[in-house]
Amino acid sequence: MSRSLRRGALAATAVVISIAALSACGAGNDAQTLEIRPDNAAVTVDDVKIQNALVITQPEPGAVGPAVVSATVFNNGQTRQTIDSITLPGTVGVVKLKAAEGNGPIVVPAGGSVVIGGPGNASATIEGGLHQDRNGAAQKVVFKLSKTGDVGLSAFVVPAKSYFKEYGPSELPKPPATLPTTPATPSGTATPSGTATPSGTATPSGEASHAAGH
């Protein structure tokens, strides 16, 4: 066999080994491919793109408090739009929107974007919270924009930990108020009806005196 043919055979063998190794990595419950996590939810409708949409709940299990919706909304059009509402179909949660500054609506400028969630940004607070047993599941979220209309997508539900801590609810549950305790008092104070006193003072019938007078 010539030297060139040997080199060709070795190269073919290397390719086969590489494919076998990749196949092994993708097999079984511990496959490396299973460790890949999909990107956060994103959707594009007309000029609007919503990216990195999440529903973020309280950080600790059993904690009672609001949850939030976090996302980045892009407007590729030539006209600004406002986010009129955000709803979560299938839940009773009401989402309260607040602009980063002022009391007006959340504005998505033409050719720009707005971030919802995180310090200094606009916020979308789910009043009443969201059951934490939804963590790890997908929740339908619908953004209603002034021009584009409804834009819906499924967002992951995650607790406000690790990467999501900065974007989680700003209002955390407070410990229950401790009421002042007062000592228990009886309905009435028992008092004696009278003070027991001896009927008389016992005295000797006579005093002992010396037989001899003084």
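**Entry 1: serine 85.** I started with the contacts of serine 85, where contact means heavy atoms within 4.5 Å. Setting aside neighbours within four places in sequence, I found Leu97, Val142, Phe143 and Lys144 touching serine 85. I placed serine 85 in strand S4; helices (H or I, at least four residues) and strands (E, at least two) are DSSP runs, numbered from the N terminus. My cut-offs were under 20% relative accessible area for buried, over 50% for exposed, and partly exposed in between (1.4 Å probe, protein chains only). I also checked the C-alpha to C-alpha distance from serine 85 to lysine 96, which is 8.2 Å across 11 residues of sequence.

**Entry 2: ground rules.** I am working on a predicted model, so to speak with conditions attached: local features need pLDDT of at least 70, side-chain atom pairs count only at pLDDT 80 or more, and totals for chains, interfaces and linings use all residues. Residues are numbered from 1 along each chain as its sequence is written, and side-chain values use heavy atoms, with hydrogens and water left out.

**Entry 3: confidence.** I read pLDDT as the predictor's confidence in each residue, from 0 to 100. For the protein chain the mean pLDDT is 73, with 59% of residues reaching 70 or more. I noted two stretches to treat with care. Over residues 175-179 pLDDT stays under 50, and the model has 0 contacts there beyond four places in sequence. Residues 201-214 also stay under 50, again with 0 contacts beyond four places.

**Entry 4: the whole chain.** I counted 1 helix and 10 strands in the protein chain. Of the 214 residues, 26% are buried. Among contacts with a separation of 6 or more, 66% link residues 24 or more positions apart. The accessible surface (Shrake-Rupley method, 1.4 Å probe; for residues, only the protein chains shown count as cover) is about 15,100 Å², and carbon and sulfur atoms hold 55% of that surface.

**Entry 5: strand pairing.** I called two strands paired if DSSP finds at least two bridges between them. S4 and S9 run antiparallel with 4 bridges, and isoleucine 83 stands opposite leucine 145 in S9. S9 in turn runs antiparallel to S10, through 8 bridges. Lysine 140 has serine 154 in S10 as its bridge partner. How many residues lie between S9 and S10 in their hairpin? I found 3.

**Entry 6: S3 and S7.** Here too I found an antiparallel pair, joined by 4 bridges. Valine 73 has valine 114 in S7 as its bridge partner. I looked at the faces of S7 (residues 113-116): Val114 and Ile116 lie on the covered face, Ser113 and Val115 on the uncovered one. Threonine 72 sits in S3 (residues 67-75) and counts as buried because its relative accessible area is 14%. Beyond four places in sequence, threonine 72 touches Lys49, Ile50, Gln51, Ser113, Val114 and Val115.

**Entry 7: nonpolar cores.** In soluble globular proteins, nonpolar side chains tend to be buried together. I took a nonpolar core as a set of buried Ala, Val, Leu, Ile, Met, Phe, Trp, Tyr and Cys residues joined through side-chain atoms within 4.5 Å. The largest one has 28 residues, and Ile50, Val69, Val73, Ile83, Ile86 and Phe143 have the most contacts inside it. Strands that each supply at least two residues of this core include S2 (48-57), S6 (106-108), S8 (123-127) and S10 (149-159). A second, separate core has 5 residues, among them Leu54, Ile56, Val68 and Ala160. I listed the contacts of isoleucine 50 beyond four places in sequence, including Ala41, Val43, Thr72, Val73, Phe143 and Leu153.

**Entry 8: positive phi.** Which residues have a positive phi without being glycine? I noted aspartate 46, at about 55°, and asparagine 52, at about 60°. Aspartate 46 belongs to the loop between S1 (41-45) and S2, and I list aspartate 46 as exposed because its relative accessibility is 65%. Asparagine 52 lies in strand S2 and is partly exposed, at 33%.
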